[in-house]
Amino acid sequence: MTERAGGAGGGRDAWSGSRQGEGRLLQRLEAVLQRFPLVVKPTDETPRCPKHGVVMKLNHGKDGSTWYSHKTADGWCKGR
Ligand SMILES: [Zn+2]
């Protein structure tokens with residue numbers, strides 16, 4: 001019996017198999033993330049509403065002005 005008594009929650013023998021595979025996967029993922037740290041960020045060109053957390057749409061005014069907004073149940077929201 002070589003039961004590793006580490007951390008909280010004993011009796012994890014049934015999990016050991018799948019946990020090892022999971023650990024290897026995470027290690028590979030971490031290695032990739034370290035090589036490409038910028039990949040973590042999704043398209044940062046896409047502005048999101050700080051209030052609702054949804055992607056906002058770019059609007060163009062007649063006078064050439066631009067602003068971002070998205071539609072809600074109450075109407076258009078400009079992120080404020
Ligand atoms: Zn909003």
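**Note on the predicted model: strand pairing and two residues**

1. Leu58 stands opposite Tyr68, a residue of strand E2. E1 and E2 run antiparallel and are joined by four bridges. Another residue pair to inspect here is His60 and Thr66, the latter being the bridge partner of His60 in E2.

2. The hairpin formed by E1 and E2 has five residues between the strands. Within this hairpin, Gly64 adopts a positive phi near 90 degrees.

3. On its other pairing, strand E2, which spans residues 66-72, meets E3 in the antiparallel sense over three bridges. His70 has Cys77 in E3 as its bridge partner.

4. Taken together, the three strands form an open sheet in the order E1-E2-E3, with antiparallel pairing. Strand E1 (57-60) and strand E3 (75-77) are the edge strands, each pairing on one side only. On average, and with direction ignored, neighbouring strands of this sheet are turned by 50 degrees against each other.

5. As to the overall layout, the protein chain has one helix and three strands. Read from the N terminus, the elements follow the order α-β-β-β. Of the contacts in the protein chain with a separation of 6 or more, 16% are between residues 24 or more positions apart.

6. How many of the 80 residues of the protein chain, as a percentage, count as buried? The figure is 0%. The two residues discussed next are examined with this in mind.

7. Trp67 is located in strand E2. Is this residue buried or partly exposed? Trp67 counts as partly exposed because it has 13 C-beta neighbours inside 10 Å, and the partly exposed class lies between the limits of 12 or fewer for exposed and 20 or more for buried. Residues up to four places away in sequence being left out, Trp67 touches Asn59 and Lys78.

8. Gly79 lies in the segment after E3. Gly79 is likewise partly exposed, because 15 other C-beta atoms are within 10 Å. Beyond its neighbours within four places in sequence, Gly79 is in contact with Cys49, Pro50, Lys51, Met56 and Tyr68. One of these, Tyr68, is the residue that Leu58 stands opposite in E2. Another, Cys49, is 30 residues from Gly79 in sequence, yet the two are 4.8 Å apart in space, C-alpha to C-alpha.

9. The protein chain averages a pLDDT of 79, and 65% of the residues score at least 70. Which element has the lowest mean pLDDT, and which the highest? Helix H1 (residues 16-35) has the lowest mean, at 77, whereas E3 has the highest, at 95. Where pLDDT is low, the predicted coordinates should not be read in detail.

How values were computed
Residues are numbered from 1 along each chain as its sequence is written. This is a predicted model: local features need pLDDT of at least 70, side-chain atom pairs count only at pLDDT 80 or more; totals for chains, interfaces and linings use all residues. Two strands pair if DSSP finds at least two bridges between them. Axes are lines fitted to C-alpha atoms, for helices over the stretch in contact, and angles run from 0 to 180 degrees between N-to-C directions. Two residues are in contact if their C-beta atoms, placed from the backbone, lie within 7 Å. pLDDT is the predictor's confidence in each residue, from 0 to 100.
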